[in-house]
Amino acid sequence: MKHESDVTVPDLDPGRLVNTLLTLKAPKPHLSEIGKVAEIADGIVIVTGLERALSDEVLLFEGGVQGIVLDLEPDRLGVVLLGPSDRIAVGDTVLRSHRVVSTAVGFALLGRVVNALGAPLDGKGPIKAQAQHPVEAEAPKILNRQAIKRPLATGIKTIDAAVPVGLGQRELIIGDRQTGKTSLAVDAILNQKDTDLICIYCAIGQRGDAVAKVIGALSKGGMLARTIVMSAGDEDAAGLAYVAPYAAMSMAEFFAAQGRDVLVVMDDLTHHARSYRELSLLLRRPPGREAFPGDIFYIHARLLERGGQFTDDAGGGSITVLPVVETQAENLSAYIPTNLISITDGQIYLSPRLVRKNQFPAVDLGVSVSRVGGKAQSQAFRSVAGNLRVMLSQFEELEEFARFGTRLDEATRARLTRGAAVRGALRQAERDPMSAVEQLTVLVAAMEGQFDGLSEAETMAVVLRLRARARADLGDLAQRIAENAPISEADRARMVELGRHMRQAGGGPDKGTGKGTGKGRSG
C-alpha cells in the first residue's frame, strides 16, 4: 500500500540547484521597533521602548488610534492622541509610522466638512485629496514676501471704512462672549461670493450646533462650495484641537502656492491655547503664567507667521488670517489676548458696551486698529472715511460730557446730532454684507447730514432704500470704485442728492429740522 506522502519528484540537477541558491540575493532584514503603553491619561499616553522616535512623528496604536510625539525624554515619550483614549490599554503595542502628522490638501476639499487630518465629517463619501502635506511647515522668508496693498472687502461698513483689512494681513477679532465675533468672520466670508477667494473656516473647540449654524449660513449665502469647514469640536480629542489650525494653514498654503488668495478664519485660538495647556499639564510640563506652558507664545507665533502676501517666486498668492480670541470682562491685558495682539497686524475689538446699546456690529473704533491701514484701502474709501474715526471719537467724548446735563450751545448740539446719525448709519444687520458703492453712499449721506434728526427705525428704513437706489443708479460709480478710482466732488454730490431723495421718500423730517442733543441715545 502506497502512503500519501510517497510522492514522485522529478529528477533535479543538484549542481544547478546549488548554483541557483548561491546566486539569489539574501533578503534584507526588517527591523521594527515595538513600544509599549506605560500610562494613559485624558488625551495623552506615555510610551516606552521607542528610543528612535522623532518629534511630531505619528505613532500607531493597537486600537487604530494615532498619536503625535510631543515630548522626547531619555526613557519615555509623551504622546498626544488624535482619537479617543478608551480604545487604548496599558501594555498595548505601539509602532512607529516613520512620518510626521499630515493633512489632506487639494481642491477636492472645497465644499466639505473635515477634521484636522482632512477626513470627511459630512457623510458625503471619501475625499480624493491631491496630496498629503505636513501640518507643520516653515514660515515663508522675508524675501518671499511683499507689501500688502490689495484690500479684502468684508462688506461691513465699520471695518472697510475705519479698520481696513488687506489681503495677506493677520487681523485679530477680539471680544467677550456673545459680542458677534463669529458673525463678523462669517459675514466676511459671505462677502467673497463674487470674488475668486478661497475660504477656510477652522472651528476649534466649538459646539456641534454652532458649527452647523455656520455651515447653514455659508450654504444659504452661496459660499460653501468655495469654503473648507474644519471642525475640531469640544467633544473631540484635545490633540485634534491642537493640530487643527496648523492643518488649516497647510491647506491654505497649497492654494497660495498656486497663486490663489485664501482667507483663513480660526475660531477661536482661546480654545486652542486651553487645549495645549491641558495637554502640557498632563505631560507634566512646568506651568507658567495662568498655568500655560512657557512656549505658548511660540505656538501661536509660528502659526500666524505662515500668513502673508507672497512674491511670484513663492507662488504669488496670499493667506489672510482672521484669528478669533475671547476675552473675559473686557480684559484685553490677559495673557493670550496680549500675546495675539503683539503677533498680529491689528485687532478688531467688539465691545459689550456697544452690544448693550444695540450697536451691531459692536466694533469699538477707539480700540480697534489696522497696522496696515490705508495702504490696503481703496482710494474711494480713503477719500470718504478718512476722518470717520476722529469724528466718532469726538462725538463719544461730547456724548459723555452731555450726560451731566450741561447746557450746550447750538454748534455742540449739532455735532451731537450728526455723530448720533453717523453711528446709527454704521449699524448693519447680520448676514447682510454690502457692496462698496452701497457703503460709500450711506457713509457720504450720513456724514453730510442726511440722517440728522431721524430715529433708529427711520434711519434703517432710509438706509435700505438708499442701498437699493445706489445699486440701481450708481453702476458707473461702482465700476470706477472697483478700478480703484477716487471719489470726485461730482460723485459725492450725487450720493448726497440720492440720500436727500430717499429721506424725503420716507416722509421723514427734512435735513436740519431734528431737535435734541442726542443725549442718552442708544445707537
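In this predicted model, D491 is a buried residue, with a relative accessible area of 5%. The D491 side chain meets that of R480 in a salt bridge, 2.6 Å from N to O. Because D491 belongs to helix 16 (residues 489–505) and R480 to helix 15 (residues 475–482), the pair ties together parts that are 11 residues apart in sequence. R480 is partly exposed, at a relative accessible area of 29%.

## Domains

The domain assignment divides the protein chain into domain 1 (34–100), domain 2 (103–376) and domain 3 (381–505). Taken over C-alpha atoms, the centres of domain 1 and domain 2 are separated by 29 Å. Domain 1 contributes 19 residues to the contact and domain 2 contributes 15 residues. Between domain 1 and domain 2 an area of about 1300 Å² is buried, and carbon and sulfur atoms give 65% of this area. Two salt bridges are counted between domain 1 and domain 2.

## The barrel

Six strands close into a barrel, in the order 1-2-5-4-3-6 and with antiparallel pairing. On average, neighbouring strands of this sheet are turned by 45 degrees against each other, direction ignored. Strands of a sheet pair through backbone hydrogen bonds, in either a parallel or an antiparallel sense.

Strand 1 (residues 34–40) pairs with strand 2 (residues 44–48) over four bridges, in the antiparallel sense. Strand 1 and strand 2 form a hairpin with three residues between them. In the turn of this hairpin, G43 has a positive phi of about 95 degrees. Within the pairing, V37 has V47 of strand 2 as its bridge partner, while K36 stands opposite T48 in strand 2.

Strand 1 also pairs with strand 6 (residues 93–100), in the antiparallel sense and over three bridges. Here I34 stands opposite L95 in strand 6.

Strand 2 is joined to strand 5 (residues 76–81) by four bridges, and the two run antiparallel. V47 stands opposite L77 in strand 5. Four of the five residues of strand 2 are buried, so strand 2 is largely enclosed by the rest of the structure.

## Salt bridges

The count for the model comes to 29 salt bridges.

| Pair | N to O distance |
|---|---|
| D491 and R480 | 2.6 Å |
| R285 and D71 | 2.7 Å |
| K141 and E138 | 3.2 Å |
| R284 and E39 | 3.3 Å |

The side chains of R285 and D71 meet in a salt bridge. R285 lies in the loop between helix 6 (269–282) and helix 7 (296–304), and D71 lies in strand 4 (residues 66–73), so the pair ties together parts that are 214 residues apart in sequence. R285 counts as buried at 18% relative accessibility, the cut-off for buried being under 20%. D71 is buried as well, with a relative accessible area of 11%.

R284 forms a salt bridge with E39. R284 and E39 also belong to a network of salt bridges that links E39, E73, R76 and R284.

K141 forms a salt bridge with E138. E138 is exposed, with a relative accessible area of 63%, the cut-off for exposed being over 50%.

## I228 and its surroundings

I228 is found in strand 12 (residues 227–232). I228 counts as buried, at 0% relative accessibility. Leaving out residues up to four places away in sequence, I228 touches L109, L110, R112, V114, C199, I200, Y201, M251 and F255. One of these contacts, V114, is 114 residues from I228 in sequence. In space, I228 and V114 are 7.6 Å apart, C-alpha to C-alpha.

Conventions
Residues numbered from 1 in each chain as written. Predicted model: local features only at pLDDT ≥ 70, side-chain atom pairs only at ≥ 80, totals over all residues. Heavy atoms only, no water. Pairing = 2+ DSSP bridges. Axes fitted to C-alpha atoms, helices over the stretch in contact; angles between N-to-C directions. Salt bridge = Lys/Arg side-chain N within 4 Å of Asp/Glu carboxyl O. Buried < 20%, exposed > 50% of the residue type's maximum accessible area, 1.4 Å probe, protein only. Domains from an automatic or database assignment. Contact = heavy atoms within 4.5 Å. Buried area = accessible area lost by both parts, 1.4 Å probe.
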